[in-house]
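Here's a quick tour of a few spots worth a look while you have the model open.

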2 protein chains.
Amino acid sequence: MKPFCYDYPHPAVTTDIALFTIREERLAVLLIRRRAAPFQGCWALPGGFVEMDECLEDCALRELAEETGVTGVYLEQLYTFGKPDRDPRERIISVTYYALAPSEILSPVAGSDAAEVAWFAMDALPELAFDHREVIALAQQRLRAKLDYSTVAFGFMQEEFTLGELQKVYETIRGEALDKRNFRKHILALDLIGETGTSRRVGNHRPAKLYRVQHPGAVLYIK
Amino acid sequence: MKPFCYDYPHPAVTTDIALFTIREERLAVLLIRRRAAPFQGCWALPGGFVEMDECLEDCALRELAEETGVTGVYLEQLYTFGKPDRDPRERIISVTYYALAPSEILSPVAGSDAAEVAWFAMDALPELAFDHREVIALAQQRLRAKLDYSTVAFGFMQEEFTLGELQKVYETIRGEALDKRNFRKHILALDLIGETGTSRRVGNHRPAKLYRVQHPGAVLYIK
DNA sequence: CAAGATAGTGTTGCACAGACACTATGTCAA
DNA sequence: TTGACATAGTGTCTGTGCAACACTATCTTG
């Protein structure tokens, strides 16, 4: 007996989240291995059904936390996918989000519907369930575009970071090397980050000054 | 007896469309007066429930046609709104679209759920149902932004148009006057439009050359 | 202490955007 | 017919912002 009844047919609504990070100088996305049918055993984006008393963004954050243990990421709505046959079970409309996290969010844990959780480099994606490859492609495209006119890149940084690290993020996402002096000039001219006064020593070379975002939480449109 | 039953609660899903045009040198949006509750008699965006066998974009086009008689517009997904209490009836998630049409789409006709259809200038909007004011504001913001880095503006033009008309569109949306020579230089440098060879005579002054988009249907990102 | 690795720093040239004013061609009214 | 009016159409200059470019500084390691 199905207890939730309506006068007209209703689609199901899910959120799916493409969480990106940078690992080993490559853009990577977090996937889960599905425990249940359909696409059982297949890799997919974390996500799940919207509950009736939560807004879409809360749903995305909840599903991400439940299935992967990840919290505290930068999140933004991406696009809503709704082709009638995109899920074999029933009509499911998916509101997709993309999220960014610093690479130090390590070892996410498989939870609830996920048999396994892992980072995949964008150039080495496995077979994906549903239309999730399309979702990831769109998210990457959006990410690249926003790099130029917004401050999304800071979503990949920890609280304190060096300009070299930030430059690596830009280079990885754009897929090309950038001039060090021009990059530093550009970033510092935005007047969004400031020196912490300390520096970080890694490797056999000169330590780098550490910087911090001046007004955390504010992702701005620039220019 | 409600015939559509599910194991879990399902939200309803609608599409809502903000159709813009330029009328009397002002940006205007097409609204309908609601025939039914809730917000009966209130102005609202055209839109309605997604049917189970149509994709979201088809739903938007169908609802726009049914309620206003308007067809053949440029359409793009805007954002998905899903706060739990945004509709008093039940949980309704709205996938919103914005659309553009040349000002010569006159006299849309009220159909189905619409008691009345009318254009409203953006600076003279009436009370609006649901969160539709927020939707329109977001659409206007997106429109302004895309004006700079895409060719959306052509969505407001008829098949043949003058550079003066095109400039008026840019000026209206940006809310500021533009230099004629710089504007023409910029637009022609895009190499997207070409002279038709003919000209149009309106008013007591020199006729203007007519232009046409070279590759219709292609809305491009520029620069 | 020499080699190696990354940090950090300014100047120049060029392309593009914005400021700017006059002539051309039509209508209309006196 | 002609002068007033209205919009169409056209080029130059100047400043600003972005890309190209090389060397010194500071640390570790052998």
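In this predicted model, the buried residues of α2(B) are covered by parts of chain B that include β2 (12-23), β3 (26-34), β4 (43-44), β6, β7 (92-100) and α3 (163-174).

**Helix α2(B)**
- The buried set in α2(B) is H132(B), V135(B), I136(B), A139(B), Q140(B), L143(B), K146(B) and L147(B).
- These residues sit on the same side of α2(B), because they cover an arc of only 135° around the axis.
- With 18 residues, α2(B) reaches 26 Å from its first C-alpha to its last, close to the 26 Å expected at 1.5 Å a residue.

**The largest pocket**
- The largest pocket has a volume of about 1900 Å³, and 44 residues line it.
- Nearest its centre you'll find R142(A), A145(A), K146(A), Y149(A) and Y149(B).
- The top contributor is α2(A), with eight residues.
- By type, the lining splits into 24 nonpolar, six polar and 14 charged residues.

**A101(A)**
- Look for A101(A) in the loop between β7 (92-100) and β8 (114-121) of chain A.
- A101(A) is buried, with a relative accessible area of 0%.
- Not counting residues up to four places away in sequence, A101(A) touches L19(A), F20(A), T21(A), V73(A), G155(A) and F156(A).

Conventions
Residues numbered from 1 in each chain as written. Chains lettered and ligands numbered in written order. Predicted model: local features only at pLDDT ≥ 70, side-chain atom pairs only at ≥ 80, totals over all residues. Heavy atoms only, no water. 1 Å grid on protein atoms, 1.4 Å probe; cavity = no way out; pocket = protein on both sides within 12 Å on 5 of 7 lines; lining within 4 Å. Points joined across faces, edges and corners; volume = space filled by probe spheres on them. Helix = DSSP H or I, 4+ residues; strand = E, 2+ residues; numbered from the N terminus. Nonpolar A, V, L, I, M, F, W, Y, C, P; charged D, E, K, R; others polar. Expected span 1.5 Å × (residues − 1). Buried < 20%, exposed > 50% of the residue type's maximum accessible area, 1.4 Å probe, protein only. Arc of directions from axis to C-beta. Contact = heavy atoms within 4.5 Å.
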